[in-house]
Amino acid sequence: LRPRAVGNLGALLVRTGRLTEAIPILEDTLKVKRAKYGDHHLTTLSTINDLGMVLSKSGSTQRALGLAQEAYDGRTEVLGEGDPRTITSLLNLANAHTRLGQPDEALTLLREGADRAKQRLGPEHPLTQNLRNTCAKTLLDSDHPQEAVQEARAIINDLDPSDQAASLSKGLVARSIVSTGLSAQGR
C-alpha cells in the first residue's frame, strides 16, 4: 500500500501545481516500485512517465528526457505503440525535446503520435487534439508559420461540423495558432 499511497500523494501535488514538493516523493515512489515490481511493470512505467513530465516542467530537462524515453520505450514494449498510455508517453518525450531546444526531434515524434492517435482514437479525441495542437504550436515556435497554419487548419477541418458548439471549443487552440501564424506571415 505504501507505494500506492505515496504515489497518490505525488500525483495530487502535481495536479495542484506543487511540482517542487512532488519530485522527491515521485523519486522515492519510483525507487520502491523499481525494487518491488521491476522496470517494466505498468505501475513503475507510470511513475517514470510522471516523474519525467514533472522534471521537464520544472526545468530539469536533460534528466526528464532520459525518463521520458524510458517510459515511452517501456510502454511501447509492454502495451504496444497504439495504446493511449504509450501515446501519452510519446507526447511527454516530444515535450522534453522541445524544452531542450530540439524541435525537429519533437516534430517527428508529434507527427508519428498524432497519426497513431488519429487511427486508434479518432480525430476528435482529446489526446489526438493535444498531439496535433502541440505539433502546430511547435511549428509556429520554430519559425515555420506557414506549416503551422496548414496543420492547424487541418485540425479544424477534421472536427465534426454537425456539432457546432463542440467544434468551436475543440478548435480554439487551432484557431489561435492559425491567427498567430497568419500574423507572423504579415497576413
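## How the helices are described

Axes are lines fitted to C-alpha atoms, for helices over the stretch in contact, and angles run from 0 to 180 degrees between N-to-C directions. Two packed helices are described by the angle between their axes and the distance between those axes.

This is a predicted model, in which local features need pLDDT of at least 70 and side-chain atom pairs count only at pLDDT 80 or more, while totals for chains, interfaces and linings use all residues. Residues are numbered from 1 along each chain as its sequence is written, and side-chain values use heavy atoms, with hydrogens and water left out.

## The whole chain

The protein chain has 10 helices and zero strands. Helices (H or I, at least four residues) and strands (E, at least two) are DSSP runs, numbered from the N terminus. In sequence order the pattern is α-α-α-α-α-α-α-α-α-α.

The C-alpha trace spans about 55 × 30 × 30 Å along its principal axes.

## α4 against α5

Helix α4 (residues 61–79) packs on α5 at an angle of about 160 degrees, and their axes are 8 Å apart. The two are therefore roughly antiparallel. Angles under 35 degrees count as roughly parallel, over 145 as roughly antiparallel, 65 to 115 as roughly perpendicular and the rest as oblique.

The crossing of α4 and α5 is left-handed. That term applies if the near helix is turned anticlockwise from the far one by less than a right angle; clockwise gives right-handed. The contact (heavy atoms within 4.5 Å) includes Leu65, Tyr72 and Leu79 of α4 and Leu90, Leu93 and His97 of α5. By class, this contact has eight nonpolar, seven polar and three charged residues. Ala, Val, Leu, Ile, Met, Phe, Trp, Tyr, Cys and Pro count as nonpolar, Asp, Glu, Lys and Arg as charged, and the others, Gly among them, as polar.

## α3 against α5

Helix α5 (residues 84–99) also meets helix α3 (residues 42–58). Their axes come within 10 Å and cross at roughly 25 degrees. That makes α3 roughly parallel to α5. The crossing is left-handed.

On the α3 side, the contact is made by Leu42, Asn49, Met53, Ser56 and Lys57. Among the α5 residues are Arg85, Ser89 and Asn92. The contact divides into three nonpolar, five polar and three charged residues.

## α8 against α10

The axes of α8 and helix α10 (residues 172–184) come within 8 Å and cross at roughly 155 degrees. α8 and α10 are therefore roughly antiparallel. Their crossing is left-handed.

Contact residues include Val149, Ala152 and Ile156 of α8 and Ile177, Val178 and Leu182 of α10. The contact holds 11 nonpolar, one polar and two charged residues.

## Serine 142 in its loop

Serine 142 sits in the loop between α7 (126–141) and α8 (145–157). Not counting residues up to four places away in sequence, serine 142 touches Pro103 and Leu107. Serine 142 and aspartate 104 are 38 residues apart in sequence, yet 8.8 Å apart in space, C-alpha to C-alpha.

A polar atom of the serine 142 side chain lies 2.8 Å from the backbone oxygen of threonine 138.

Key
A polar contact is a pair of N or O atoms within 3.5 Å; within protein, one must be able to donate a hydrogen and the other to accept it, and residues adjacent in sequence count only if both atoms are side-chain atoms.
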